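My notebook is open for a look through this one. Here is the structure I worked from, and my entries follow.

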Amino acid sequence: MKKIITFIFFCFFSIFFAQPSYLDPTFGNQGKVVETFVNQSSRPEQMLKLNNGNLLLLSYKQLKGIGGVTTSTEYYFSRYNINGQLDTSFGVNGFLSYPLISINYRVPVLDMIKLNDGKILALCFYNNITKLIRFTSVGDIDTAFGQNGEIDLFIGEFYKLVQIADNKIILVGQYFDGYNNMYQFARLSENGVLDTTFGTNGKKTVDPTTYRFDILTNVKHTKNNDILVIGMFYDQGD
């Protein structure tokens with residue numbers, strides 16, 4: 001059966017430019033780790049180092065049929081030990097997968113951050129729902145969060161997140177009014193509850209330019225809790 005190499009990540013010596021061989025042979029297979037799936041391709045989105053030194057990856061994969069048409073899509077987590085070996089005690093044989101319920105939904109939009117307390121929070125705009133999943137600092141599902149570690153937020157399209165100094169969580173995404181595409185923000189408590197004191201019932205829409213399409217790409221925050229966002233803008237046909 002056909003196998004597709006989906007992605008590779010490498011471990012380099014800390015000062016590899018001074019080394020005759022730059023890969024660390026003690027990590028994975030001679031310095032690299034390869035994830036492969038039969039007849040599927042995948043793309044890694046985020047990787048975080050856990051408090052115990054292990055690695056948590058967030059990726060998505062697709063199965064394509066005849067003519068390259070996507071027949072199924074899912075996002076998944078994988079966890080690796082500090083030596084680059086797959087941690088098979090995580091999920092099912094090292095993978096925790098979330099298949100899409102319909103191929104009509106677009107590819108999941110994914111983000112994952114380390115929280116102020118060391119826990120991990122992942123976000124996905126998935127099956128047309130903004131979903132949050134929280135892990136402990138060592139990559140186990142945090143069952144104290146939401147329902148078995150997960151919260152579904154029926155509040156629109158969000159795909160980036162940041163935690164500010166007071167431990168509240170800012171979500172950023174897009175809002176489309178049928179003609180204009182704008183920035184959209186929401187604020188949550190550290191437990192994932194919508195903060196209705198923010199904006200209008202917890203959400204705020206911002207149209208930063210007079211152009212039709214304002215596309216937000218990333219978000220950061222400053223020490224005094226100012227929110228910085230970057231993006232691009234264009235008119236139809238430009």
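Which ring does the charged end of Arg212 sit over? I found Arg212 over the ring of Tyr179, 3.9 Å from its centre. I counted a charge as over a ring if NZ of Lys or CZ of Arg is within 6 Å of the ring centre and within 35 degrees of the ring normal. Lys61 also turned up, over the face of Tyr76 at 5.5 Å from the ring centre.

Ground rules, before I go on. This is a predicted model, where local features need pLDDT of at least 70, side-chain atom pairs count only at pLDDT 80 or more, and totals for chains, interfaces and linings use all residues. Residues are numbered from 1 along each chain as its sequence is written, and side-chain values use heavy atoms, with hydrogens and water left out.

Entry on the fold. I looked up the secondary structure and got 16 strands and zero helices for the protein chain; strands are DSSP runs of E with at least two residues, helices runs of H or I with at least four, numbered from the N terminus. Of the 238 residues, 42% are buried (under 20% relative accessible area, 1.4 Å probe, protein chains only).

Entry on aromatic rings. I paired rings of Phe, Tyr and Trp (its six-membered ring) with centres within 6.5 Å, calling planes under 30 degrees apart stacked, over 60 edge-to-face and the rest tilted. That gave me 10 aromatic pairs. Phe37 and Tyr76 are edge-to-face, because their centres are 5.5 Å apart and their planes stand at 70°. Phe37 belongs to strand 2 (residues 32–38) and Tyr76 to strand 5 (residues 70–80), so this pair ties together parts 39 residues apart in sequence. Both Phe37 and Tyr76 are buried. I also noted a cluster, in which ring pairs link Tyr75, Phe77, Phe90, Tyr98, Tyr126 and Phe135.

Entry on Asp87. I located Asp87 in the loop between strand 5 and strand 6 (95–99). Its relative accessibility is 10%, so Asp87 counts as buried. Setting aside neighbours within four places in sequence, I found Asp87 in contact with Arg79, Tyr80, Asn81 and Gly94 (contact means heavy atoms within 4.5 Å).

Entry on surface area. The protein chain exposes about 12800 Å², and I see carbon and sulfur atoms supplying 53% of it (Shrake-Rupley method, 1.4 Å probe).

Conventions. Buried means under 20% relative accessible area, exposed over 50%, partly exposed in between (1.4 Å probe, protein chains only).
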